[in-house]
Structures are given as structure tokens and as C-alpha cells.
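Here's a quick briefing to read alongside the model. Keep the 3D view open and click along as you go.

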Amino acid sequence: MNDPLLEPFQTKHLTFKNRMVHAPTTMNMADDKGYVTPQAVGAYEALAAGGFGAVCVGATNVRWDGLINERMLGMYDDTYIISHRELVEVIHHNESLAGIQLFYGGLIPGVGTSFPLEPGKGWIPGTVAWGPSGKYPIGNQQPGIVPTEVYKSLVEEFAQAGRRAREAGYDYLSYHFCHGSLPHVTLSLLENQGREDEYADHFLFCEQILQRTQELCGKDFPLIPRMVCDENYKGGFDIEYFLDHYAPRLHALGVDGIDCTFGSMLPAESRDPETSSGQYIGGGFYVRNLVTLPSIKQMRAGLIKRGIDMPLMGSCNVNTPDQMRTMIGEGAADFLASCRQSLEDPDFPRKITEGREEEIRKSTRTGASLMTGNIFAKGMAGSAQNAAFGRDREYRIQKTPAPKRVYIAGGGSGGMEYAITAHAAGHDVTLFEASGALGGVMNWAGNYKTLRNMEQIAYQPQWHRLMVAKAGIAVRLNTELTVEMILADKPDVVVTATGAKPALPDVPGLSAALASGFARTIDRVLGSASDPLPQGNVIVWGAGEGIELGLDLAQAGRTIRLLDPDAKLLPANYLGSRMNAINIWMATADLAPEQGVTLQEIRQGEVVVSHADGRSETIACAALIIAPGRVAYDPFSGKLNKSGIRLQVVGDARTPRSYGNAIHEAAYLARNI
């Protein structure tokens, strides 16, 4: 009953029912003119219904030439007010405060281009890439310099957009004064150098925007700017500089609080070589949880020391309820501003309120939350884990008038997602799993001992198993569904979710070595904790899939050789941005993939390989780990023709990809039986 997350909080002009705020996430769900769409209404409706104290509508552009994505919301003239009123209405209907973030691109336009850009232009027609100096390009590598008169005109554009937002019914304004936008790079000590006009004053542009907005909207209209409080660059401003030079001017303007962010997108040298400046914006998989908490605490202490009383929002890599409570703990933030976790499970505040924390679909932080592409480059926000986000209204499950018997082969991500969805729609579902546990590859994909945050991978299969059990879905473990069983039982629908198998190479001696245990697949090594590797040096063959395992073993003190058959390292697609940290740690461990190495023969206790230069080498080792990549495993296609049974294939059984693909395919197909 005394949960700090559920305590109300009052700023100067606002009362929040709890401490959880949906952060102003860039959604890119507008139409091509920037007007609100039913898709956007559905997404924000889902967030508000989830129980947030406030829902802040994400980056809304104040002028067309600042677009970074063609589907960004706009507030270009008064014709945009009416469609925003629908957004405000659904947020208010669900008893949340409605905020909106105002945005202008600055140096970001041009990110994600697939063709050469003219100097100073973005990839969207009519957009520009420019900053106060243009010395630190983000999108277009030849940015322009913003003229004084453009700065002045943009002050008015921001203020008029704020007026329109108030007329639309929003309760407060946020501002994108962060992460590469023009207001942020004007604040920057790195990018804003050498100007001889009034905007050499780094804070003046932001100050004028807030002042002019107050002239149009009144000083009692709440403003909560999203600020970069530390650039985390060598030569950039830090928290103490922000506290000395920017915080007092914000306080003098009477803002209701600061939505604190840290880090930037500028191509500059980060202070911390392991955690780059950009990773403080939206922390990658390996970035430590609560990465910004020490900075938030420094901000709090610094404000108190200076006699400044301003509420703070904290965010970045805050996924579990306990982490959320820590973020708003003693001497830290007043609010949690949630981004990625909001998309994975928009209902998490309501689940906390109702005492159902175990049902929260916690973010794995893998595959990002961007199944439809990068939000900075031709994509919409989404969730790898939650296929319904962004399709919230069309994906609402309705009970079927014609229930069908559904057999699902495979209890991994795709199989369990299909089972949960089809069961909720009223179908009779039986889930068959050949092993003794549901979860598939995700059960062991995070079983590394020295790599940070790996326990998060298990969040997804844990949630799926819980929801399968709560739904009472029939599960048959240690049972492989066969063609004979299907033809005998005659279900209406069969779902192939059997995943993929290792793409084992045709090498003399491999079968015998696998049988003896001298050679092991990566699946066996990570999936069998009770069967440890023997002592001695280890060869990992297949760096594309096995690089994390090789690193994990090396960091645990094992002697490792990491061999790969390709001429160039091609990491598995799920590694993505994780490779930045992997490369740093690999160098520290003095471990590097040896490329162009082919297996020639495997004997007990030794491996014969050939190198790209034609050399042959015999390597003695205690164990050989095979990480050869994946091939689809589909035992049913072509075998149920003319049986009258509908066959659907999901996930890696189609072609090996990510667990997110399996979830999205299953969620779609199960709604359309």
C-alpha cells in the first residue's frame, strides 16, 4: 500500500496520480503530412489505459524542414489542433495527464539515408541538416550553419506550436532539448563554437523558446523540458556546468521540472570508452541497468546545494519494478520516465497498482524495440516482444464464433505466443514440446557467466511460460508432434514452430566427436549447465554465432582460439549494437577471430584446420565448440497436402532470424485463423 511508485506528486501546476510517466518516445505514426492517425490514437490510448500518471506524446515537429522521419507528428499550423484533440481525449479518458514534446531536427536530418545528400540537406525533400557551427555532423556529413534570422523564426515556431498544443487540451509541454536536435546542439560546448551573434550564448535559444511560449500560453502553463544535463564528451559540458550555467536560468523561468537525459549523438570522443555518450540516451543491451542513476543523484545534490527546487524525471535502462523504485529513491528522481519498457508492456503501471507485477512483460533489451525499422530512418516505434504495440486497436482480441482445434509443434517464442493468442480468441489449443521445458533457444541464449545483463534474455520465456500456465493451455512436454499423430487426430490447424537446427558442416570425424562429447554445439554448451567443458584450451569454430561464448570463456580464464570460416566476420543479426562492447572486451581479453579457417578433420583431442593462405594446422585442445549458424527445421511442409488440415509456419522454422520475428508472425497468424 506504500509503494513509492504509486504515490501522487505535485509540481507547481500539475498533480500526477503516480510517479510513472511515459517518456516522449518518437513513434512516427503520423500521416505523411504530420497529422494524427488512428494508429497513433490507438498507441497512446493503450499507454494511457496502462495506468501512467502522465503520457507524453513524442517528438512533434514545429517546422517541416526539421523532420527526421516522414511520419513524425507535426504542429505546423492551426489545422493540426483538431486531430491532436483526439489524442488528448483518449489520454484524459484514461485518467492520465497529457503532455506533448516539441521538436526541431537540427543536425539529425539525413540519418539513415541510402543515397548521396546535397550539402546541408536531409533525406526527406525540403528538410535541412544544420547546426550552430556544423563542425560535428550527425546525419548529413556536410551540414549547414543556422543563420541568426532562422534561430529567431524558430523561436516563434516553437511558441506557436506550444499555443496550438494548449488549445488542443494538452496539460503540459515537453521540449526536445536533447540528443542532436537544434536546441541541444546549440547548448553544446562542442558544436556551438565560433558564433559571433547572440546565439553564442549557448542557452539563449532554449530560453527564448520558453519565454515566448509563456507569453502566448501564460506563465502558469506547465513546461517540463527534456534536457541533456551532461554531454558525456571530452570537451562537452558536464553536470556541474549544467548546474552552474543552465539550471539557474531554467529555474528563473519557473519550469515545472526537468526531464533529465544524458549523452548525445555528436561524433565526439566519449569520456567513458566503454559506455559511449550515445548509450546514455537509450542504453544498449550491455549497458548497465540504471546507468543514469548516479548522474540523477548528482543533479539532485547539485540543485539542493544551489538552493534550486525543481522536480526531476529519470530514465534509461530501467525495466523492472525494483529498478523503477530505485530510480525514484532517496536523493534521486521524482518520476520514472519510461520509454522502451512502455512499449514492451504498456500495462505495467496498472499491473503494479493491481499487485500483478509477475505478469509484467519485462524488456529483454534485445532486438531493440524497433521491429519496423530505426525510428531515425524510415521506421516506426514498436516492440520485438509485444506485437500488438502500434496495432493496438486492430489487434484487440475478439472471441471467435467458430473455435478450432489447434496443434502447435514447438514451445519456443513463436509457439507460446501463438498458443496464448489463439487460446484468448477461444480456440482449443494443444502445445507440443519435444524437450522437457518450454522456452526454446531463449532458455539458454543468455546462459553466459561473465557478460553483463544476460539474465534479461530469460525474461521473455519466463513471461511466456507464466501466461501459458495462467491461461490453462494444454501442454505436452517431452512429446514430439509427428505427421502420424496429426493425421490420426485431425486437428483443424497445425502450427510449425519447431525453430532451427545447427547448420553442421560436413567434416570427417565430427559425428564421432559430437557423440563422445569432445565436440559440442553451442546449444549443448549453453543449454547443459550440469555438463561443463573439460579443463584445457578450447576452440570455438564459428565466430558469427560463437563470439560471445568465446569472449565469455576467455573472461572466465579459459584459453580460447576463435576460428571462423568466412573471410570477414559476419556477426549473427541479433548481436547488432552489442558488437561495440564486444569489440572493446575482445581487445581487453586479447582475443580476436581468426578468419578464413576451415575445418578439415576432427580427431579425439585435436582438430585439423586449413587457413586462408593455404596452411594446414593441427591444434590440440580439450574441447571443440561448433557454432555454425542455423538452418530452418520444418518437418511438416509438403506432408499434409490434401489432408484438410491448415498448416502455418512461424519463426525460425521459416528461416532463422530473431525471436521478435517469431512473436510477430505468431501474433498475426493466430489472430487470423
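**A first look around**

Let's start with Ser363, which you'll find in the loop between α11 and β14. (Helices, H or I and at least four residues, and strands, E and at least two, are DSSP runs numbered from the N terminus.) This is a predicted model, so local features need pLDDT of at least 70 and side-chain atom pairs count only at pLDDT 80 or more, while totals for chains, interfaces and linings use all residues. Residues are numbered from 1 along each chain as its sequence is written, and side-chain values use heavy atoms, with hydrogens and water left out.

**Ser363**

- Ser363 has 0% relative accessibility, so it counts as buried. (Buried means under 20% relative accessible area, exposed means over 50%, and partly exposed is in between, using a 1.4 Å probe and protein chains only.)
- Going from Ser363 to Ala129 takes you 234 residues along the sequence and 33 Å through space, C-alpha to C-alpha.

**Salt bridges**

- The structure holds 42 salt bridges. (That means a side-chain nitrogen of Lys or Arg within 4 Å of a carboxyl oxygen of Asp or Glu.)
- One of them joins Arg325 and Glu357, whose closest N and O atoms are 2.3 Å apart. This pair ties together distant parts of the chain: Arg325 is in helix α9 (residues 321–327), and Glu357, 32 residues away, is in the loop between α11 (348–353) and β14 (405–409). Glu357 is partly exposed, with a relative accessible area of 29%.
- Asp345 and Lys351 also form a salt bridge, with 2.7 Å between the closest N and O atoms. Both of these residues, Asp345 and Lys351, are buried.
- Lys470 pairs up with Glu358 in a salt bridge, and here the closest N and O atoms are 3.7 Å apart. Again, distant parts of the chain are linked: Lys470 is in helix α13 (residues 459–471) and Glu358 is in the loop between α11 and β14, 112 residues apart. Lys470 counts as partly exposed at 46% relative accessibility, and Glu358 counts as partly exposed at 44%.
- Shared partners join Glu354, Arg356, Glu358, Glu359 and Lys470 into one salt-bridge network.

**Aromatic rings**

- A search of the whole structure turns up 21 aromatic pairs. (Rings of Phe, Tyr and Trp, using its six-membered ring, pair if their centres lie within 6.5 Å; planes under 30 degrees apart are stacked, over 60 edge-to-face, and the rest tilted.)
- How are the rings of Tyr241 and Tyr246 arranged? Their centres are 5.6 Å apart and their planes are at 80°, so the pair is edge-to-face.
- Tyr241 is partly exposed at 23% relative accessibility, whereas Tyr246 is buried at 2% relative accessible area.
- Ring pairs also connect Tyr151, Phe158, Tyr175, Phe177, Tyr199 and Phe205 into a cluster.

**Charges over rings**

- Lys362 has its charged end over the ring of Tyr459, 4.5 Å from the ring's centre. (A charge sits over a ring if NZ of Lys or CZ of Arg is within 6 Å of the ring centre and within 35 degrees of the ring normal.)
- Arg578 lies over the face of Phe285, 4.4 Å from the ring centre.

**Two crossing helices**

- The axes of helix α3 (residues 148–168) and helix α5 (residues 204–217) come within 8 Å and cross at roughly 40°. (Axes are lines fitted to C-alpha atoms, for helices over the stretch in contact, and angles run from 0 to 180 degrees between N-to-C directions.)
- That makes α3 oblique to α5. (Under 35 degrees counts as roughly parallel, over 145 as roughly antiparallel, 65 to 115 as roughly perpendicular, and the rest as oblique.)
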